[in-house]
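This report is a reading guide for someone meeting the structure for the first time. Please keep the sequence and the model in view while going through the sections below.

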Amino acid sequence: MAKNKVEITGINTSKLKVLKHEEMIELFKRYQAGNKEAKEELINGNLKLVLSILKKYQNKVDNMDDLFQIGVIGLIKAVDNFDLSHEVRFSTYAVLMIEGEIKRYIRDNNSVRISRSIKDTAYKILRFKENYMNEHSKEATTSEIASELHITEYEINEALMSLKEPQSLFEPIYNDGGDTIYLMDQIEDKKESKDLDELLNMRRALNKIKDRERDILLNRFIIGKTQTEIANELNISQAQVSRLEKNAIKNVKRLMK
């Protein structure tokens with residue numbers, strides 16, 4: 001039988017406190033007014049949320065204690081950045097932050113900053129999804145979210161990705177102890193020199209291709225998602241993602257010549 005409970009050294013997970021929604025609102029008000037003790041209560045009262053997220057990663061890492069610490073870092077960031085004015089439950093927001101931190105740790109890459117307006121859109125999406133689930137007892141589809149908020153499916157994907165803090169386009173995506181592989185290594189002609197001019201050419205080429213094509217390249221080669229994962233997020237088929245990816249690579253190569 002698979003182990004469901006996450007064991008963390010030195011912590012009796014069965015005795016961890018779980019805060020009620022009303023308690024968290026009051027604590028956030030106190031913390032944002034300058035009360036540091038309220039922050040500690042918020043962190044300790046949401047550790048079980050971190051544990052619940054860790055369950056899906058038990059077979060991906062050897063040391064769950066380390067992953068728990070990384071998850072707590074994500075929780076702390078969520079506490080520091082949570083905005084009460086958006087009327088979204090903290091757990092809805094924190095899950096994305098915690099998972100983003102864990103996935104970055106597993107990939108061993110760095111993150112980039114996302115504009116405030118995109119994060120505001122992400123909050124609106126989360127609030128709509130939460131309300132829709134409460135009203136209909138099922139997840140809202142991407143098309144339903146797009147219709148309600150008057151935004152495109154691409155904007156939905158981009159906004160939700162912003163809370164996961166995706167990596168910079170020019171960060172390394174793989175290193176086995178030898179040569180580092182960058183996104184440019186996946187799409188540029190290997191015979192071309194990789195000097196500064198080539199990097200600038202690539203930046204210009206990526207800025208000229210369609211938004212959806214660029215988004216798929218980011219998801220595939222920077223964030224590390226599969227074509228199936230991207231297809232599910234964009235409500236298109238895996239075959240369509242594959243065609244878009246191939247076309248994007250072809251267009252970038254063409255624009256770099």
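## Helix α13 and its buried residues

In this predicted model, the residues of α13 that are buried are V241, S242, E245, A248, I249, N251, V252 and M256. Helix α13 itself covers residues 238-256, a run of 19 residues, and it reaches 27 Å from its first C-alpha to its last, which is close to the 27 Å expected at 1.5 Å a residue.

The C-alpha atom of S242 is separated by 9.3 Å from that of T228, a residue 14 residues apart from it along the chain.

Helix α12, made of residues 227-234, has Q227, I230, A231 and L234 as its buried residues. Seen down the axis of α12, these residues fall within an arc of 100°, so they line one face of the helix. An α-helix has 3.6 residues a turn, so residues three or four places apart point the same way.

N235 follows α12 and lies in the loop between α12 and α13. The phi of N235 is near 60°, a positive value in a residue other than glycine. With a relative accessible area of 42%, N235 is partly exposed.

## Where α6 meets α7

Helix α6 (residues 116-136) and helix α7 (residues 142-149) have axes that come within 11 Å and cross at roughly 115°, and the crossing in which α6 passes α7 is right-handed. On the α6 side the residues that take part are K124, I125, F128, K129 and Y132, and on the α7 side they meet E144, I145, E148 and L149.

The phi of S137 is near 60°, which is a positive value in a residue other than glycine. Is S137 buried or exposed? With a relative accessible area of 62%, S137 is exposed, the cut-off for that class being over 50%.

## R116 in helix α6

R116 has its place in helix α6, and with a relative accessible area of 48% it is partly exposed. Not counting residues up to four places away in sequence, R116 touches D83 and H86. The C-alpha atoms of R116 and S162 are separated by 9.5 Å, although these two residues are 46 residues apart along the chain.

## Helix α2 and its neighbours

In helix α2, which covers residues 36-44, the residues A38, K39, L42 and I43 are buried. They cover an arc of only 140° around the axis, which puts them on the same side of α2. The partners against which the buried residues of α2 pack are α1 (21-32), α3 (47-54) and α4 (64-81).

## I106 in helix α5

The place of I106 is in helix α5, which covers residues 90-107, and at 37% relative accessibility I106 counts as partly exposed. I106 and L67 are 39 residues apart in sequence, and from C-alpha to C-alpha they are 8.8 Å apart in space.

## The chain as a whole

Which elements make up the chain, and how many of each are there? The chain has 13 helices and two strands, and of its 257 residues, 41% are buried. Among the contacts in the chain with a separation of 6 or more, 67% are accounted for by residues 24 or more positions apart.

Definitions and conventions: Residues numbered from 1 in each chain as written. Predicted model: local features only at pLDDT ≥ 70, side-chain atom pairs only at ≥ 80, totals over all residues. Heavy atoms only, no water. Axes fitted to C-alpha atoms, helices over the stretch in contact; angles between N-to-C directions. Helix = DSSP H or I, 4+ residues; strand = E, 2+ residues; numbered from the N terminus. Left-handed = near helix turned anticlockwise from the far one by under 90°. Contact = heavy atoms within 4.5 Å. Buried < 20%, exposed > 50% of the residue type's maximum accessible area, 1.4 Å probe, protein only. Arc of directions from axis to C-beta. Expected span 1.5 Å × (residues − 1).
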